[in-house]
2 protein chains.
Amino acid sequence: MEKIIRVNMADLSTRIEAVPAGWAGLGGRGLTSTIVAAEVPPTCHPLGPSNKLVFAPGLLTGTPAANSGRLSAGAKSPLTGTIKESNAGGTAAQMLARLGIKALIIEGIPKADAWYSLHVSMDGVTVQEETELVGKGNFAVIEALEARLGKKTGILTIGPAGELKMTAANISVKDPDSKIRSHGRGGLGAVMGSKKIKFISINDEGAPKVPIADPEKFRTASRAFAKALLDHPVSGEGLPTYGTNVLVNILHEAGGLPTKNFTAGQFDSHDKISGETLHETIVARGGKHKHGCHAGCIIQCSQVYHDKEGKYVTSGFEYETIWGLGADCCVDNLDDIARADNLMDDIGIDSIETAVMFGVAMEAGILPFGDGKGIIRLLEEEIAKGTALGRILGGGAGSVGKAYGVTRVPVVKNQGIPAYDPRSVKGIGITYATSTMGADHTAGYTIATNILNVGGFVDPLKKDGQVELSRNLQIATAAVDSTGMCIFVAFPALDIPECLPALIDMINARFGISLTGDDVTNLGKHILKVERQFNIEAGFTKEHDRLPEFFKSEPVAPHNAVWDFTDAEIDEFWNF
Amino acid sequence: MEKIIRVNMADLSTRIEAVPAGWAGLGGRGLTSTIVAAEVPPTCHPLGPSNKLVFAPGLLTGTPAANSGRLSAGAKSPLTGTIKESNAGGTAAQMLARLGIKALIIEGIPKADAWYSLHVSMDGVTVQEETELVGKGNFAVIEALEARLGKKTGILTIGPAGELKMTAANISVKDPDSKIRSHGRGGLGAVMGSKKIKFISINDEGAPKVPIADPEKFRTASRAFAKALLDHPVSGEGLPTYGTNVLVNILHEAGGLPTKNFTAGQFDSHDKISGETLHETIVARGGKHKHGCHAGCIIQCSQVYHDKEGKYVTSGFEYETIWGLGADCCVDNLDDIARADNLMDDIGIDSIETAVMFGVAMEAGILPFGDGKGIIRLLEEEIAKGTALGRILGGGAGSVGKAYGVTRVPVVKNQGIPAYDPRSVKGIGITYATSTMGADHTAGYTIATNILNVGGFVDPLKKDGQVELSRNLQIATAAVDSTGMCIFVAFPALDIPECLPALIDMINARFGISLTGDDVTNLGKHILKVERQFNIEAGFTKEHDRLPEFFKSEPVAPHNAVWDFTDAEIDEFWNF
């Protein structure tokens with residue numbers, strides 16, 4: 001039987017509950033957002049006692065379905081003030097699913113000035129005081145816990161950034177190689193820090209397999225689904241070969257690669273940080289160019305990057321990080337970027353927010369553009385140590401903009417705008433403006449259709465069709481984020497007719513139900529509306545669905561494009 | 001003829017314009033808010049090119065009317081994101097009024113990386129590059145400008161805080177003794193800094209007297225008005241004797257003196273910082289306990305405070321500052337508070353926001369409660385120098401709360417809650433929650449009726465009547481803030497029947513018109529609605545008309561009162 005686990009940090013009590021009927025058909029983002037919307041007062045302080053931190057594996061997580069191993073984390077975000085869901089790979093999702101845990105809900109704030117850890121197993125959950133690992137980086141936490149509890153232990157942990165309640169702090173998840181994947185965006189690490197939980201360990205010993213109502217049907221659908229993933233050129237070839245960083249050259253070519261804090265759309269040194277260069281470097285140094293963030297991943301877009309001596313530097317080395325510290329900060333040294341990526345994993349801070357932040361910090365004059373070594377120094381000496389400057393930087397792009405009076409701050413709802421310039425890739429601008437999450441490319445990844453010709457083509461430089469494109473993708477994504485699936489299943493789902501029906505068939509076979517495509521679309525719509533209602537009750541209006549002014553007034557090379565949507569055109573998004 | 005002066009910093013051009021018909025009957029706050037609402041896009045970045053900084057003397061400023069010498073400054077606030085008006089005494093208002101300047105509107109941002117000054121005289125306005133005084137404190141600016149331009153020069157200036165665009169930066173106004181009064185709240189100094197204007201000098205040589213349509217009627221009304229001011233026990237006796245700091249013991253007695261970052265309502269050492277102690281100290285050391293912030297002030301609540309050697313330390317030494325650094329930071333040494341007050345004047349930073357901020361900084365552990373010397377050190381070494389910590393502190397209470405993850409942050413719309421606990425003086429809580437300006441006691445000073453028994457009595461501990469009280473006072477204040485009158489005319493206006501008619505008669509005699517009491521009330525309502533509409537279009541909703549959560553959950557001694565208004569009760573405020 002699936003169950004809900006509740007931990008109340010105010011009195012350190014735990015409770016196992018039956019799954020309410022209304023939550024039974026939900027998983028992942030659909031479930032975290034439903035629980036947050038139902039139980040968290042929208043105007044509460046995100047770091048106060050009324051916020052809750054919710055973890056939920058997806059509907060298909062724990063099954064043999066390819067790429068289904070993602071975990072959603074949800075709360076009111078201390079970065080944006082909106083509802084927040086952020087999902088990640090790693091081993092925790094599948095372990096929680098096998099333990100029958102539909103959601104783990106963490107409430108309240110401890111009375112004592114102490115740190116705690118949670119331990120989840122077949123016996124339920126326990127709360128223990130933790131002293132040894134407080135103040136430690138994430139890699140040290142993982143190493144110590146594997147020694148303490150065994151190599152197979154699942155781990156969710158926060159680094160110094162989360163302990164310091166920095167609003168760019170993330171929650172780290174141990175991956176199959178004892179490295180790190182992240183619930184990156186929105187400062188959920190600060191919420192975990194506010195609840196004084198340093199880590200959550202998971203032991204799934206004795207857990208049964210995830211039950212499947214119709215195994216035969218599941219197997220057939222699962223095979224068709226996996227075939228679609230492997231057949232599509234993006235998920236079957238581009239991503240496995242170059243990782244997500246395949247996008248550097250593509251976005252540079254499209255003139256949509258934000259450079260020097262969004263002052264240009266192309267980076268002269270793009271070749272030095274491109275997916276192709278990354279691939280060659282990884283191969284030459286004996287790293288891994290194919291690597292999965294969770295068991296059952298068949299895309300393998302993750303990377304393991306070594307230094308010149310062939311020693312491990314970082315993994316899960318993504319385009320958005322490389323873009324942000326690279327083009328946006330004008331750093332053309334991949335080794336510096338890799339080192340910074342590793343430090344961000346260790347400190348437990350969102351690599352997108354932090355990269356966008358460094359672009360703003362450079363505009364503010366805190367360090368010069370191009371200073372990769374300076375980035376490393378600020379991460380090690382300021383952010384990790386929680387100095388005053390470190391706290392400003394750890395608050396993300398908006399925080400630096402406020403502290404230094406910078407007006408060119410690429411954020412929506414105070415969350416940093418990622419790796420695609422909304423002036424020259426207009427569809428993604430609609431996603432940034434309207435997403436319930438603040439600026440988030442994954443919320444409705446129009447790059448697929450604007451740039452990669454997946455799911456047709458919508459001209460990135462024209463306004464026509466962008467609102468509809470973003471709307472359809474945001475609806476679909478909200479549903480996909482509920483399944484535990486990686487977002488990259490969207491590529492075959494948009495192009496290969498058998499893919500989406502196979503995904504729905506897997507859900508139906510898993511639970512013995514009969515969802516249609518319309519049901520899935522309606523689920524996506526429902527999730528977006530629940531999230532938006534939370535935001536409205538938190539004080540958000542259409543005036544917050546706007547890009548920063550400078551995108552309207554500053555044309556970006558090479559297309560000299562500006563953000564030219566009217567407010568009314570943007571607001572059309574919500575007409576569904 | 002009255003005129004509007006416009007300065008466009010983008011091209012350093014200036015323009016003299018006729019007063020549009022719709023602005024003719026407006027002055028002070030009524031005019032700054034009307035101009036900001038008409039010309040500033042509500043969603044613009046407050047430090048970007050679209051914001052405008054507007055100065056306007058009141059309707060009666062420059063006339064012989066008692067206490068009519070205040071200047072309004074308006075803009076979109078970088079602290080709150082709302083519309084903002086902040087008024088101050090000093091000599092500038094009367095000089096501008098004599099020069100026939102109804103409003104000075106400063107637009108745009110310079111292209112060059114240079115600093116400028118404006119010079120206003122009978123010849124109009126000029127823009128000049130400034131190098132010598134950049135980086136200097138306000139007292140040095142005043143001293144240098146008096147040497148450069150003559151002792152009588154009127155001066156509006158920003159200190160290091162404004163240059164650094166700190167959101168707690170104020171605009172300083174030279175007073176009759178070459179000391180400083182401030183447009184304190186809302187970070188307007190940062191707006192002036194964003195426009196790269198270090199100071200505005202005013203020369204009213206050759207300016208005619210302000211014309212009065214019916215001098216005889218004006219004289220009669222003016223006499224009756226002055227008599228009312230002198231006859232009322234608060235404006236005629238309490239304030240002249242003890243200054244505003246008369247309130248320390250009164251609020252302590254009432255249990256509404258926020259202490260130790262709003263954890264208690266009484267301060268054990270209240271006697272050491274009280275108005276009575278201040279009075280004795282000033283007298284013993286040869287300071288001035290009666291002092292006016294502008295020519296024509298007959299209340300003289302300002303103070304000149306000397307040190308033990310009889311040397312000047314500070315003036316304009318107000319209750320809210322003494323409360324904030326005193327009770328709220330648990331500092332019981334008046335000399336330390338006076339020194340900090342002087343530093344805040346020199347740095348150009350709001351003493352209310354900064355005092356509330358230090359309470360939060362102490363809760364964050366940046367310095368211990370009671371550490372007056374630490375406050376002085378942080379002002380001198382961090383804020384004045386714009387270090388990273390200084391920038392966090394210079395962003396006010398909300399900034400420190402965000403950077404250090406503090407949840408007990410007494411702000412509304414990110415502006416620090418002043419010197420009256422809303423749990424035990426409930427009327428002022430309604431003002432804090434609903435004011436268009438963020439938490440601002442002057443917007444609707446219910447302390448008059450809740451605590452001082454002026455204008456009747458509304459029990460401060462009960463909810464009954466508070467919304468209506470705050471509403472009536474906010475409407476009246478919006479109108480009074482348009483006249484150039486000091487807020488303390490409200491005391492006789494509420495109690496002495498001849499006072500308000502005399503004020504209206506003066507306006508009618510000045511302009512040869514025939515306003516009624518209803519007209520004045522309607523003006524106040526109109527101003528509030530214009531301001532609120534701006535805020536709505538900037539993205540504010542009723543969800544922002546709320547006090548921080550901890551006022552609801554933490555009872556405050558000695559009454560163990562909590563903030564117990566429902567959202568619906570608060571929202572009743574806007575039903576007019």
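Across the interface of domain 1 of chain A and domain 3 of chain A, 24 residue pairs are in polar contact, both residues at pLDDT 80 or more. A polar contact is a pair of N or O atoms within 3.5 Å; within protein, one must be able to donate a hydrogen and the other to accept it, and residues adjacent in sequence count only if both atoms are side-chain atoms. On the side of domain 1 that touches domain 3, the elements giving two or more residues are α3 (138-149), α4 (160-163) and β11 (180-183) of chain A. Helices (H or I, at least four residues) and strands (E, at least two) are DSSP runs, numbered from the N terminus. This side of domain 1 holds 12 nonpolar, 18 polar and 7 charged residues. Ala, Val, Leu, Ile, Met, Phe, Trp, Tyr, Cys and Pro count as nonpolar, Asp, Glu, Lys and Arg as charged, and the others, Gly among them, as polar.

The model is predicted: local features need pLDDT of at least 70, side-chain atom pairs count only at pLDDT 80 or more, and totals for chains, interfaces and linings use all residues. Residues are numbered from 1 along each chain as its sequence is written, chains are lettered from A and ligands numbered from 1 in the order in which they are written, and side-chain values use heavy atoms, with hydrogens and water left out.

Chain A is divided into domain 1 (3-202), domain 2 (213-240 + 422-576) and domain 3 (243-421), with bounds from an automatic or database domain assignment. The C-alpha centres of domains 1 and 3 of chain A lie 25 Å apart. Their contact (heavy atoms within 4.5 Å) takes 37 residues from domain 1 and 37 residues from domain 3. The area buried between them is about 2800 Å², with 48% from carbon and sulfur atoms. Buried area is the accessible area (1.4 Å probe) that two parts lose on being put together, summed over both. N67(A), M166(A) and R185(A) supply 23% of the area that domain 1 buries against domain 3, more than any other three residues.

This domain interface has 4 salt bridges, each a side-chain nitrogen of Lys or Arg within 4 Å of a carboxyl oxygen of Asp or Glu. R185(A) also pairs with E353(A) in a salt bridge (3.1 Å, N to O).

Between chain B and chain A, the rule finds 0 salt bridges. Polar contacts there number 8 residue pairs. α15 (388-394), α16 (396-404) and α22 (517-537) of chain B each supply at least two residues to the side touching chain A. α15(B) gives the most, with 4 residues.
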